[in-house]
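Take a moment with the model below before reading on.

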Amino acid sequence: MSIATLLHVSSSESRPGTTVVHVVGEIDASTVPEMALALDSAWKSGPRAVVLDLSHVEFLGTAGLTEILRAIERADAAHATFRIVTGGRSVVRALDVLGSRLPTSPDLAHALSD
Amino acid sequence: MSTVDSSQAEPPGGQTVSVTVEKHGGASVVVVSGDIDMVTAPEFEKALISAVRERPDRLVVDLTGVAFLGSAGLTALVAARQEAGETTAVRVVAKSSATARPLQLTGLDQEIPLFATREEALGD
């Protein structure tokens, strides 16, 4: 193992019932558990909406895509809303393979506007 | 029709997935049964990718015998679709709520067409 990839994850309740999970860094197989944990605890609070803010993510690998698909299923089961803030080009490209029906927003303000 | 490959994964958790590849003219049919979860998805993905690399005209992934399709399995299908590019058309056979619903819910059925039966997926 040469250079460790770093991921910083924090959560905030931007308004009652809406949890925003902010992710900064690179999402790959080694760092994704941290994002998964943050999403898990976001769902546990029974929110109306969870927003995954990837606007400061430089790399999104397939392990991250799996977590995003899980979040879509979880939102449906909880009758809640899930949105992804895409931001950078690498994230947009990585998400592109999941198709055009993904619930994405170009920025956080847009994601919180519904 | 000939069976060319068969593999099985039996991880400690007791979950199993079995994958068989059959040839139907220019199409390869990947017949899957069992549960596709975090543990078994790598085996599923490996089988899909090696089937795609033979560059069939069409790759039909028959999930009729699958009881659970988790998000790791969905990502494996996406990886196969990516690997297939424009060379191979990837189609999925899934009818049950356990398999068709996750694909529809996530919108992946827009990228990977879904069919109720293998015959339909092999048709035009």
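What follows is a short walk through chain B and its contact with chain A.

The model is predicted, and local features need pLDDT of at least 70, side-chain atom pairs count only at pLDDT 80 or more, while totals for chains, interfaces and linings use all residues. Residues are numbered from 1 along each chain as its sequence is written, and chains are lettered from A and ligands numbered from 1 in the order in which they are written.

Chain B holds four helices and six strands, where helices (H or I, at least four residues) and strands (E, at least two) are DSSP runs numbered from the N terminus. Read from that end, the order is β-β-β-α-β-α-β-α-β-α. Of the 124 residues of chain B, 43% are buried, a word used when 20 or more other C-beta atoms, placed from the backbone, lie within 10 Å of a residue's own.

Helix α2 of chain B, residues 71-84, has 14 residues and reaches 20 Å from its first C-alpha to its last, close to the 20 Å expected at 1.5 Å a residue, the expected span being 1.5 Å times one less than the number of residues. Eleven of the 14 residues of α2(B) are buried, among them B:L74, B:L77 and B:V78. Their cover includes α2 (62-77) of chain A as well as β3 (27-36) and α1 (41-53) of chain B. After α2(B) comes B:G85, with a positive phi near 55°.

The contact between the chains takes 14 residues from chain A and 14 residues from chain B, two residues being in contact if their C-beta atoms, placed from the backbone, lie within 7 Å.

Notes: A residue is buried if 20 or more other C-beta atoms lie within 10 Å of its own, exposed if 12 or fewer, and partly exposed in between; C-beta atoms are placed from the backbone.
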